[in-house]
Amino acid sequence: MSNIGKAFENGKAFIPFITCGDPDLETTAAVVRAAAANGADLIELGIPFSDPTAEGPVIQGANLRALNGGVTTDKIFDLVRDLRRDVEVPMVFMTYANVVFSYGSERFISTCREIGIDGLILPDVPYEEKEEFLPICRRYGVDLISLIAPTSEDRIAMIAREAEGFLYIVSSLGVTGVRSEIKTDLGAIVETVRQNTDIPCAIGFGISTPEQAAKMAGISDGAIVGSAIVRLIGEHGKDAPEYVGEYVKRMKEALG
Amino acid sequence: MTNPNGRFGIHGGQYIPETLMNAVIELEEAYNHYKNAPEFNRELEELFNEYAGRPSRLYYAEKMTEDLGGAKIYLKREDLNHTGAHKINNVLGQALLAKKMGKTRLIAETGAGQHGVATATAAALMGMECVVFMGEEDTNRQALNVYRMRLLGAEVIPVKTGTATLKDAVSEAMREWTSRISDTHYCLGSVMGPHPFPTIVRDFQAVISKEIKEQIMQKEGRLPDAVVACVGGGSNAIGSFYHFIEDEGVRLIGCEAAGKGIDSFETAATVNTGRVGIFHGMKSYFCQDEYGQIAPVYSISAGLDYPGVGPEHAYLHDIGRAEYVPVTDEEAVNAFEYLARTEGIIPAIESAHAVAHAMKIAPEMGRDQIIVITVSGRGDKDCAAIARYRGEDIYE
């Protein structure tokens, strides 16, 4: 059992996503601290992958910039060690199966535990393949976060029943990225989730405005925002922490 | 060979976003229903025979045999298929299946353009919409195939991300599939990706080894000593191997693109230089760095320029049933020219990798032995690039 539950104790949760190492790790550290100070309830730290197949152009670009800047898994572990000296909000890694597998799944997940990472989101590991990582995650008390998509339909109950930490509900078809409108009937999905589990659920993909975040958090327990924040960081570079801090504050306030 | 979870030993699986899970489950159910349906198989056989021109010839390469002075060499002429490569076998199967499933749109990735052309062809034939993703680098290397796809009514989308080659085209096609599933089938071009693709594609390509077996029994009254094919993702190779896997006496040899050599960083020889990893929906061997970042690979051949290999090949390697050998650009180009001059057959530069390895082993084998080389495609598309490699600029 990790600390993820705490993220949902302070009203509706606001969950920002940040790609580690974009534009550099010093900026990432400052952005994380700014987000935490301004009300982020849970922070998703992206470990970049060369070929992020679930990402749209914005986060793809951030992955590429970070890798070109020489960021590695070990350097990101060091970043988290440093952050954990003063940052208390729950943090999870979001990356791809191969980043964990090639590092040695046990070595990777035991390090997560050691440095204070609460969970792991792997968008290319569906229910059918979770045994690859789940037994190790359980052994080290790191939650393997499950995702539910608009196409999950008859799979929602099965996934929800075994979910840990929180459930990540994907709002729309396609890859990550800002959307003007979210059309999926998320209310029905959340209702099925509620019937099958007590753990919290948050909605992500396509959310950028305070209005969208409030609407999504109204249906569920929280809102996840990735591309809009990564875009801010892309625009402002080393000056991004200030802008991200303001943005997080505005979004958290919108959740009420 | 496949267990219920789509595993080949430790390889294979379904490492894909949740968004696609119901799509691959639906595909598997449809495939399991139709693969034994007499009507489906009758239609597919008619397409193979009347449209694609199957069965393809098993040609005795007498001059090459005499010149090399060893094993008797046969060429399985997949280059003579409609659209000029083995890719049409898989595409006709998948397009027919997609049509039965009520899909109206095909999307595909392509490297050299052969799979893209085949998919565009099947889409035209069956009245389906078609979108092909192709690395921008490859659209330049294979401009003629881009034109062919557009002529056939397909939309070609140049992929600019990453290394702008085959792996990026696969990633982009997967992204597109997650955004539009209900009317769209992803017509994957090789024995790779998530289950059930490696099995479906292998089954449709297995017609190659089924025919080789019948043809060689007819001509020689015995099985060959070796079957040699090139391997990128590995669809023509698995098609050439499949019905011989049970025949322990037949050596199965896959030829990987070594590019400038397996000791250089400019190579695409996955089994020879890669490690086990998880990418593009499957566990298999991949060229990657110590942190699991997928490596940029290189080969003169756009069709073999892929950092992974199909999971069944990874398994055949693990159990020692098939051998995977590296062949460099230089060796492949020499073989390309050799086959043209010796037999009057211009092979695809991909297939030339298999020809090159056969040229190495044939002289060491006895005259009573037999090698079958799969010529997976024809080489017209490669002439400009090979001319450039030899320092000559030609304009098409």
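Contact here means heavy atoms within 4.5 Å. The model is predicted.

**Ile253(B)**
- Ile253(B) sits in strand β10 of chain B, which spans residues 251-259.
- Its relative accessibility is 0%. Buried means under 20%, so Ile253(B) counts as buried.
- Leaving out residues up to four places away in sequence, Ile253(B) touches Ala226(B), Val227(B), Val228(B), Ala229(B), Phe241(B), Glu323(B), Val325(B), His357(B) and Ile361(B).
- Thr273(B) is 20 residues from Ile253(B) along the chain, and their C-alpha atoms are separated by 17 Å.

**Nonpolar cores**
- The largest nonpolar core has 189 residues. Those with the most contacts inside it are Phe93(A), Phe108(A), Leu120(A), Phe133(A) and Phe166(A).
- Helix α1 of chain B (residues 18-34) gives the most to this core, with eight residues.
- Apart from this core lies another, of 39 residues, including Ala257(B), Ala268(B), Cys287(B) and Val297(B).
- Not counting residues up to four places away in sequence, Phe108(A) touches Ile47(A), Thr73(A), Phe77(A), Phe93(A), Val99(A), Val100(A), Tyr103(A) and Leu120(A).

**Open sheet in chain B**
- Four strands of chain B make an open sheet, ordered β1-β2-β12-β11, with antiparallel pairing.
- β1 (7-8) and β11 (275-279) of chain B are the edge strands, each pairing on one side only.
- Two antiparallel bridges join β1(B) to strand β2 (residues 11-15) of chain B. Arg7(B) stands opposite Gly12(B) in β2(B).
- Helix α13 of chain B (residues 311-318) packs on the sheet, touching β1, β2 and β12 (281-286) of chain B. The direction of this helix makes about 45° with that of β12(B).

Methods. Residues are numbered from 1 along each chain as its sequence is written. Chains are lettered from A and ligands numbered from 1 in the order in which they are written. This is a predicted model: local features need pLDDT of at least 70, side-chain atom pairs count only at pLDDT 80 or more; totals for chains, interfaces and linings use all residues. Side-chain values use heavy atoms; hydrogens and water are left out. A nonpolar core is a set of buried Ala, Val, Leu, Ile, Met, Phe, Trp, Tyr and Cys residues joined through side-chain atoms within 4.5 Å. Buried means under 20% relative accessible area, exposed over 50%, partly exposed in between (1.4 Å probe, protein chains only). Two strands pair if DSSP finds at least two bridges between them. Axes are lines fitted to C-alpha atoms, for helices over the stretch in contact, and angles run from 0 to 180 degrees between N-to-C directions.
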